[in-house]
Amino acid sequence: MSYLRQIMQRLHDRSTPLPAAERGEAQGRLEEHLALYGARLEACSDAMLQYEAAWLEQHIDSLELCGREPTMLASAGGAERVEALLQESLCFRQRLELCRQQRGLDGAGLRAAVVASEHAWELTDPALRRAWGFPAEPPPGPAA
């Protein structure tokens with residue numbers, strides 16, 4: 001049950017897509033999120049990009065699971081919200097893969113645990129940072 005609670009908390013904490021009535025602005029918001037995500041990826045070390053790829057795959061799997069489970073779906077704000085988060089995450093995956101390709105990184109490599117609530121640039125656990133081969137301190141994020 002702890003894992004499901006973690007998924008629900010992560011879905012609640014992550015970006016909030018626009019409701020259907022505001023879809024005209026949705027594309028601009030998605031582009032804004034993609035630009036911020038791209039800037040964060042550029043500031044990441046190669047090891048951090050590998051962590052982010054594992055994190056994002058777990059996040060996408062969680063969203064897909066959520067979409068199939070009525071209780072989780074209701075807790076996450078409904079089908080429309082989960083679908084919007086999933087579509088945004090799939091766009092993030094494309095951006096991440098482009099960044100990894102530009103650096104010559106492939107899908108293979110070190111695998112360790114990921115923290116469901118922390119992107120690569122948010123990871124605070126020193127043991128996990130070492131396990132993934134991160135720099136000692138997180139890189140400064142882009143200005144908010």
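I began with histidine 33, whose side chain makes a polar contact with the side chain of glutamate 88 at 2.4 Å. A polar contact is a pair of N or O atoms within 3.5 Å; within protein, one must be able to donate a hydrogen and the other to accept it, and residues adjacent in sequence count only if both atoms are side-chain atoms.

I noted that this is a predicted model, where local features need pLDDT of at least 70, side-chain atom pairs count only at pLDDT 80 or more, and totals for chains, interfaces and linings use all residues. Residues are numbered from 1 along each chain as its sequence is written, and side-chain values use heavy atoms, without hydrogens and water.

I placed histidine 33 in helix α2, residues 23–42. Helices are DSSP runs (H or I, at least four residues), numbered from the N terminus. Histidine 33 counts as buried because its relative accessibility is 17%. Buried means under 20% relative accessible area, exposed over 50%, partly exposed in between (1.4 Å probe, protein chains only).

I then checked tyrosine 51 beyond its neighbours within four places in sequence. Its contacts (heavy atoms within 4.5 Å) include Val114, His119, Trp132 and Phe134.

Last, I found glycine 104 in the loop between α5 and α6. Glycine 104 is exposed, because its relative accessible area is 64%. Its C-alpha atom is 9.5 Å from that of aspartate 46, 58 residues apart along the chain.

Conventions: Helices (H or I, at least four residues) and strands (E, at least two) are DSSP runs, numbered from the N terminus.
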